[in-house]
Amino acid sequence: MELTNKHNLPSVLMKVVNQHQYSKGKANYSVSDIGIGEPPKKVILSRINSDKISRDIIDQFYAIYGTVLHYIFEQADDEATLKETRLYKDIFVGKEKRILGGMIDCMRKVASFEGEDAFGILDYKTTSAFKYTNKLSWKSFIRDHTIKQNIYRLLAQENGYNVIELKLLVLFRDWVAGYYKNKKGYPAPIMEVKLEILPDALVKRWINIKVKDLIKAETILPDCSSKQVWQDHQGIWKRCIHYCPASEFCFQYQTYKKEIEEKLETKPKRKRKNATAK
């Protein structure tokens, strides 16, 4: 990904983002690539156009925020067995083989049974306080990270670690002290969330289905559904416009964009009232 600085912000911000850009290492796909609602088309187009995609530094605010957060905790945590460690697992779908990889933020020993150590995975996350106060948004947030953390758990087990505990440390970046004191149901600025351990069979089935979909998309790109483009009641494709790095290379989105532009051009203009009329 090419990083630009159209607003002439301090160069140190460019260095922070460039030095901490996420890499999949030797993996074909990351844990995020097979998350809930992640469209195969977005994953494949982002991968094959990675050297053409550009983002401005001002659009990387949350990435910088998250990078600083991870760095602070990584430096301070002297009890972790693993910190910011990438793990891999071979996934076989029929005759096809793909490598799944993921970066574990923190893993530490939490128990020992008959001389065998058991571990817990802790992931650092930043999000909005609004997401917590909106029940549907928070439920979706927890569901998504439950799936992802269980995939990390399997990656850890594949590499010899028995993981029995999954947690998130959530920091609310837009937290307001006044709301915390006076608004019922408003969260504390930092919250630890324990996640459910899912059955191995369920997690493996999820991985196989998602990787299979991605392998198919490598040959024939499927169109994104209205749900995947985050289409609102006005027909606006929010994910494509604001959150998909590969939208400029997507024929489906470019067709939609052209149709919208044509509608705006042919829409009758409202007559302006004469300001001097009595």
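Reader: In which helix do Lys148 and Asp144, whose side chains meet in a salt bridge, both lie?

Author: In this predicted model, the side chains of Lys148 and Asp144 meet in a salt bridge, at 3.2 Å from N to O. The two residues are four apart, about one turn of the helix. The element that holds both is helix 5 (residues 135-158).

Reader: Is Lys148 buried or exposed?

Author: The cut-off for a buried residue is under 20% relative accessible area. Asp144, the salt-bridge partner of Lys148, has 17% and is buried. Lys148 has a relative accessible area of 16%, so Lys148 is likewise classed as buried.

Reader: How many residues apart in sequence are the parts that Lys167 and Glu192 tie together?

Author: Lys167 forms a salt bridge with Glu192, and the closest N and O atoms are 3.4 Å apart. Lys167 belongs to strand 7 (residues 163-172) and Glu192 to strand 8 (residues 190-195), so the pair ties together parts whose separation in sequence is 25 residues.

Reader: What is the relative accessibility of Asp117, which meets Lys109 in a salt bridge?

Author: The side chains of Asp117 and Lys109 meet at 3.8 Å, N to O. Lys109 is partly exposed, with a relative accessible area of 48%. Asp117 also counts as partly exposed, because its relative accessibility is 32%.

Reader: Which residue in the turn between strand 5 and strand 6 has a positive phi?

Author: Strand 5 (residues 96-113) and strand 6 (residues 116-127) pair in the antiparallel sense over seven bridges. They form a hairpin with two residues between them. The turn residue with a positive phi, of about 50°, is Glu114.

Reader: What is the bridge partner of Cys106 in strand 6?

Author: Strand 5 spans residues 96-113 and pairs with strand 6. The partner of Cys106 lies in strand 6. That partner is Leu122.

Reader: Which residue in strand 7 is the bridge partner of Thr127?

Author: Strand 6 and strand 7 run parallel and are joined by nine bridges. Strand 6 covers residues 116-127. For Thr127, the bridge partner in strand 7 is Phe172.

How values were computed: Residues numbered from 1 in each chain as written. Predicted model: local features only at pLDDT ≥ 70, side-chain atom pairs only at ≥ 80, totals over all residues. Heavy atoms only, no water. Salt bridge = Lys/Arg side-chain N within 4 Å of Asp/Glu carboxyl O. Buried < 20%, exposed > 50% of the residue type's maximum accessible area, 1.4 Å probe, protein only. Pairing = 2+ DSSP bridges.
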